[in-house]
Amino acid sequence: MKTGFAKGIVIALLAAGMVMPVAHADDDDDEGFFSKRNKIRYGGENRGKPLQPANINPKFQQECSECHIAYVPGLMSAESWRRVMAGLDQHFGSDASIDAQENQEITDYLVSNASNRWSAPTAPLRITEAAWFKRMHGSHEIPPRVWKNPKINSPANCAVCHPDAVFGEFDEDGLVLPR
Amino acid sequence: MLRFFLLMGFFLTAQPVLAETPESVLASIKSEASGTPGFKGFSAERGEAFYKSKHGGEWSCSSCHTDNPAAEGKHAKTGKLIQPLAPAANAERFTDMKKVNKWFKRNCNDVLDRECTAQEKGDVLTYLLTVK
């Protein structure tokens with residue numbers, strides 16, 4: 001009697017699991033339990049979600065937004081963040097060094113909130129080098145002339161076209177291409 | 001009595017550290033510079049020339065802070081807005097020694113590929129204090 005009941009539950013769970021991934025097969029933003037594990041996108045160089053945690057670290061917010069927006073940690077892999085934070089004295093052509101204690105605190109925050117969908121053994125230093133970024137911003141999506149707009153200046157200026165980039169909101173619905 | 005001392009101790013340590021002023025920051029740079037042989041004080045004129053010229057690299061101070069330190073600047077690379085550098089135009093400038101040291105270190109490395117001397121920092125701050 002008891003084993004029969006347990007068997008029933010197992011069968012029900014299996015059935016539910018088999019249906020779930022099919023239901024959202026084409027949704028990149030899907031966070032379903034099964035699809036997250038099974039679906040490898042962008043060769044494993046995929047950004048994570050949710051992007052900007054509610055418990056945002058104030059040191060991170062303060063220090064990382066002095067020269068550019070504080071990029072949401074979920075855009076990169078944990079290893080990428082470790083590499084970025086280890087090389088702040090030569091940060092894309094600028095010295096952005098901070099003291100060791102602050103560096104550790106910010107690194108911890110970035111690493112523990114890094115992309116949860118990054119499975120490739122890669123760790124690019126630039127967000128724009130990640131496969132998900134290139135795929136979503138290639139010439140088939142964004143005409144090259146858009147990038148030449150002086151208001152954009154550099155693809156690092158997410159917020160020009162994604163006004164809520166700082167919150168980790170990059171939805172196409174909110175996209176604003178400058179004129 | 002013991003409680004009184006404990007309470008006093010609490011208030012004394014809980015007291016926020018008094019913020020520096022641009023003048024006290026300058027004084028602290030001056031005491032650092034006085035240690036160098038031949039130090040004869042700071043010069044606003046020398047500071048202005050230093051601020052506006054390149055030093056072997058791609059950038060000068062004014063590349064980001066503009067030729068007018070009382071105006072808003074723009075990061076030469078990212079384009080991010082930079083609040084005015086001159087204390088007369090921005091009361092927050094040079095009121096936090098840690099921040100001053102952090103940015104002198106970074107920006108001198110970017111502009112000169114080395115850290116600045118106390119003489120150079122003092123000259124620049126003396127110049128910035130003359131900007132109205």
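How much space lies in the second largest pocket? About 730 Å³ lies in the second largest pocket of this structure, which is a predicted model.

**Second largest pocket**

- The lining of the second largest pocket consists of 32 residues.
- Nearest the centre of this pocket lie R47(A), M136(A), H162(A), F170(A) and E172(A).
- Three elements of chain A each give two or more residues to the lining, namely α6 (131-137), α7 (144-147) and α8 (158-161).
- Of the elements, α6(A) gives the most to this lining, with five residues.
- Sorted by class, the lining residues are 18 nonpolar, five polar and nine charged.

**Interface of chain A and chain B**

- Chain A brings 16 residues to the contact, and chain B brings 14 residues.
- The area buried between the two chains is about 1,300 Å², and carbon and sulfur atoms give 36% of that area.
- On the side of chain A, E66(A), C67(A) and D95(A) lose the most area to chain B; together they make up 42% of what that side buries.
- Across the interface of chain A and chain B, 15 residue pairs are in polar contact, with both residues at pLDDT 80 or more.
- The side of chain A that touches chain B comprises four nonpolar, seven polar and five charged residues.

**Salt bridges**

- Side chains of opposite charge can pair when their charged atoms come close.
- Over all chains, the structure holds twelve salt bridges.
- Across the interface of chain A and chain B, six salt bridges are found.
- E102(A) forms a salt bridge with K98(B) through their side chains, with an N to O distance of 3.0 Å.
- E102(A) also forms a salt bridge with K59(A), where the closest N and O atoms are 3.6 Å apart.
- The pair of K59(A) and E102(A) links distant parts of the chain, 43 residues apart: K59(A) belongs to helix α3 (residues 58-64) of chain A and E102(A) to helix α5 (residues 100-112) of chain A.

**Surroundings of N157(A)**

- N157(A) is located in the loop between α7 and α8 of chain A.
- Beyond its neighbours within four places in sequence, N157(A) is in contact with I152(A) and T78(B).
- A polar atom of the side chain of N157(A) lies 3.2 Å from the backbone oxygen of T78(B).
- The C-alpha atoms of N157(A) and I69(A) are 7.7 Å apart in space, while the two residues are 88 residues apart in sequence.

Conventions: Residues numbered from 1 in each chain as written. Chains lettered and ligands numbered in written order. Predicted model: local features only at pLDDT ≥ 70, side-chain atom pairs only at ≥ 80, totals over all residues. Heavy atoms only, no water. Contact = heavy atoms within 4.5 Å. Buried area = accessible area lost by both parts, 1.4 Å probe. Salt bridge = Lys/Arg side-chain N within 4 Å of Asp/Glu carboxyl O. Polar contact = N/O pair within 3.5 Å; in protein donor to acceptor, adjacent residues only side chain to side chain. Nonpolar A, V, L, I, M, F, W, Y, C, P; charged D, E, K, R; others polar. 1 Å grid on protein atoms, 1.4 Å probe; cavity = no way out; pocket = protein on both sides within 12 Å on 5 of 7 lines; lining within 4 Å. Points joined across faces, edges and corners; volume = space filled by probe spheres on them. Helix = DSSP H or I, 4+ residues; strand = E, 2+ residues; numbered from the N terminus.
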